[in-house]
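Here are my notes on the model you sent.

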Amino acid sequence: MSYWQLLKNGIFGENPVFRLALSLCPAVAVTNSVKNGFLMGIAVLFVQTMANVTTSLLRKFIHPKVRIPSYMFIIATWVTVTDLVMAAYVRDVYAQMGLYIKLIVAFAIILSRSELFASKNKVVPSFFDGLGMGTGFLLALVIIGFFRELLGRGSLWGIPIVPTKPLLIMILPAGGFFAVGILMGFFNWIDMKFFGGKGASGAGGGH
Amino acid sequence: MKENTVIVSVSPHIRSEETVSHIMWTVSLSLLPAFVMAIYFFGPRALFVTALCIISSILSEYFVQKAMKKKITISDGSAFLTGLLLGLNLPASLWSLNPFTLHVPIIGSFVAIVITKQLFGGLGYNIFNPALIGRVFLMASWPRAMTIWNEPTAAFLAFDAKTTATPLGILKEEGTGRLIEVFGDRVNLYTQLLIGHRSGSIGETSIIALLIGASFLLYKRYITWHIPASFLGTVAVLAWIFGGKGTGLFTGDPLLHLLSGGLILGAFFMATDYVTCPSVKTGQILFGIGCGALTMLIRLKGGYPEGVMFAILLMNCFTPLIDRSMRSKVFGAVKVKTK
């Protein structure tokens with residue numbers, strides 16, 4: 001696959017949230033506003049790309065028997081970097097999302113890309129794969145956050161759009177599940193209708 | 001010699017008139033007494049809110065089946081019944097001179113029919129009771145509009161009816177003493193609760209009318225005693241043991257808990273929904289006990305004054321599990337040995 005295709009694959013073909021159904025926990029937990037979703041997406045994009053590159057660089061040195069702990073170490077390293085940077089520079093957001101930033105270590109999508117892609121491919125393709133997956137995740141979180149914040153709070157990025165709260169349930173956890181489910185169905189429908197796909201089968205759960 | 005005298009056909013050979021739609025319409029009919037009493041107590045607004053729910057349920061069903069290119073089944077009565085049950089679970093105050101709460105019943109019906117029923121595969125495939133999900137969705141989205149309770153009024157067309165707390169609300173906030181004070185004395189309290197002269201959701205107040213409908217369903221054997229009896233029994237026992245506030249164990253008032261809230265409506269008409277309750281009899285008893293325990297947990301310890309709808313929905317989740325673990329043994333089946 002060309003680099004462009006790798007990038008596109010992460011955003012559309014195998015979008016982590018809408019197609020693979022991986023990392024649904026943050027997709028529900030931090031998306032009650034666009035801003036939170038965006039910053040979470042940026043953090044995941046960074047960790048995903050860097051973890052992919054590092055794993056790919058070290059793939060010849062990692063013994064297969066200890067590969068999963070090794071990937072976890074690599075991911076945890078980059079999560080720590082992100083965590084400390086965010087704690088230093090975006091204090092107010094970090095106060096809200098700090099817990100979830102640390103949880104990036106356990107995100108299924110990052111480990112699965114290390115295992116399925118970066119450990120078998122060279123550095124540059126791994127970089128683009130991580131970039132594509134991270135961007136796909138970022139886009140998914142922003143789209144979910146857009147609908148939840150608009151419907152639940154009547155605002156976007158904290159700026160009021162509608163004077164009332166049209167549908168309060170959307171910023172509650174239950175609304176997150178509604179939003180993810182309906183958007184997933186919508187993207188499946190687009191895929192089946194316009195691209196002749198079969199719809200996502202879902203990789204089955206995960207954080 | 002006559003030919004073709006023997007007709008060979010596949011089972012079922014005994015046909016009954018009890019089709020799905022027959023049952024749905026009968027259940028709807030059995031809710032009629034409660035509905036009439038509700039219109040008597042809450043005036044035409046009760047009629048309007050319920051009618052709005054029924055119409056928007058049927059329209060939702062029609063359009064979603066049209067959009068999904070399924071067979072249109074609005075005449076089987078299931079959408080009608082869902083709309084009716086949702087309407088009976090809403091406060092009558094939604095229909096007031098303020099037009100900004102009229103979207104509430106419509107969105108509730110949409111959620112009940114489209115999201116809870118049709119997106120899960122239609123009638124028979126839904127995990128949760130559609131009307132209850134509709135109501136919980138509305139409770140979470142418009143907590144204020146959903147908890148303005150009208151006082152039952154003698155003035156039939158009064159649009160500016162007084163609002164008041166429900167008996168369970170008073171019980172939670174101010175205790176039994178205040179509740180008896182509001183209703184005069186204890187006997188009057190029970191009588192009023194039995195007849196339904198109290199604030200609350202449209203269809204839940206009149207216990208007598210609901211029991212008439214329920215006994216009709218029991219007589220026709222459309223529902224069995226297992227779920228209602230175990231549900232109500234658990235509530236009564238737990239209310240007796242833990243219901244007393246500050247007076248120790250075994251001093252609670254079971255009758256008060258049985259007669260207030262949406263318990264009777266829930267136990268006889270919602271928990272017994274064929275699709276979302278277990279089909280094994282022992283499982284149904286377990287289901288009822290679970291519903292009762294969760295109801296009392298929410299009523300006594302939770303943040304909401306009433307917990308019947310959450311209890312039923314939570315037990316709906318367990319229905320497949322109960323059914324699977326309580327499946328009766330197939331006669332003659334041999335257990336396959338695994339090494």
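1. B:E181 counts as exposed, at 57% relative accessibility. The model is a predicted one. The partner of B:E181 is B:R178, and their side chains meet in a salt bridge at 3.0 Å, N to O. B:R178 is partly exposed, with a relative accessible area of 34%. Both residues sit in helix 7 (residues 167–183) of chain B; they are three residues apart, so about one helical turn separates them.

2. Salt bridges with shared partners also occur. They join A:E14, A:R113 and A:D129 into one network. Over all chains, a search of the whole structure finds nine salt bridges.

3. Where in the chain do A:D191 and A:R19 lie? A:D191 is in helix 8 of chain A, and A:R19 is in the loop between helix 1 and helix 2 (24–29) of chain A. The pair therefore ties together parts that are 172 residues apart in sequence. In this salt bridge the closest N and O atoms are 2.9 Å apart. A:D191 counts as buried, at 16% relative accessibility. A:R19 counts as buried too, at 15%; the cut-off for buried is under 20%.

4. A:R67 forms a salt bridge with A:E115, and here the closest N and O atoms are 2.9 Å apart. This pair links distant parts of the chain, 48 residues apart: A:R67 belongs to helix 4 (residues 67–89) of chain A and A:E115 to helix 6 of chain A. A:R67 is partly exposed, with a relative accessible area of 31%. A:E115 is also partly exposed, at 22%.

5. Helix 1 (residues 3–13) of chain A has five entries on its buried list: A:L6, A:L7, A:N9, A:G10 and A:I11. Their cover includes helix 6 (108–118) and helix 7 (123–152) of chain A.

6. Look next at helix 5 (residues 103–118) of chain B. It has 16 residues and reaches 21 Å from its first C-alpha to its last, close to the 22 Å expected at 1.5 Å a residue. There is still a kink of about 25° in helix 5 of chain B, centred on B:V111. B:V111 is one of the buried residues of this helix.

7. How many residues of helix 5 of chain B are buried? The count is 12 of 16, and the helix is mostly covered. Among them are B:P105, B:G108, B:T116, B:K117 and B:Q118. The buried residues pack against helix 3 (44–67), helix 4 (78–88) and helix 6 (130–141) of chain B, together with helix 8 (173–194) of chain A.

8. Helix 4 of chain B is mostly covered as well, with 10 of its 11 residues buried. The buried residues include B:L81, B:L84, B:L85, B:L86 and B:L88. B:G83 and B:G87 are on the list too. What covers them includes helix 1 (20–30), helix 2, helix 3, helix 5, helix 6 and helix 12 (263–270) of chain B.

9. Last, the surface. B:L29, B:L32, B:V36, B:F216 and B:Y219 form a nonpolar patch there, with about 520 Å² of accessible area together. Helix 2 (32–42) and helix 9 (207–219) of chain B each supply at least two of the patch residues. B:Y219 lies in helix 9 of chain B. It is exposed, with a relative accessible area of 67%.

Key:
Residues are numbered from 1 along each chain as its sequence is written. Chains are lettered from A and ligands numbered from 1 in the order in which they are written. This is a predicted model: local features need pLDDT of at least 70, side-chain atom pairs count only at pLDDT 80 or more; totals for chains, interfaces and linings use all residues. Side-chain values use heavy atoms; hydrogens and water are left out. Patches are made of residues with over 30% relative accessible area and no salt bridge: like charges are joined within 9 Å, nonpolar side chains (Val, Leu, Ile, Met, Phe, Trp, Tyr) within 5 Å. Accessible areas come from the Shrake-Rupley method with a 1.4 Å probe; for residues, only the protein chains shown count as cover. A salt bridge is a side-chain nitrogen of Lys or Arg within 4 Å of a carboxyl oxygen of Asp or Glu. Helices (H or I, at least four residues) and strands (E, at least two) are DSSP runs, numbered from the N terminus. Buried means under 20% relative accessible area, exposed over 50%, partly exposed in between (1.4 Å probe, protein chains only). The expected span of a helix is 1.5 Å times one less than its number of residues. The bend at a residue is the angle between axes fitted to the seven residues ending there and the seven starting there. Contact means heavy atoms within 4.5 Å.
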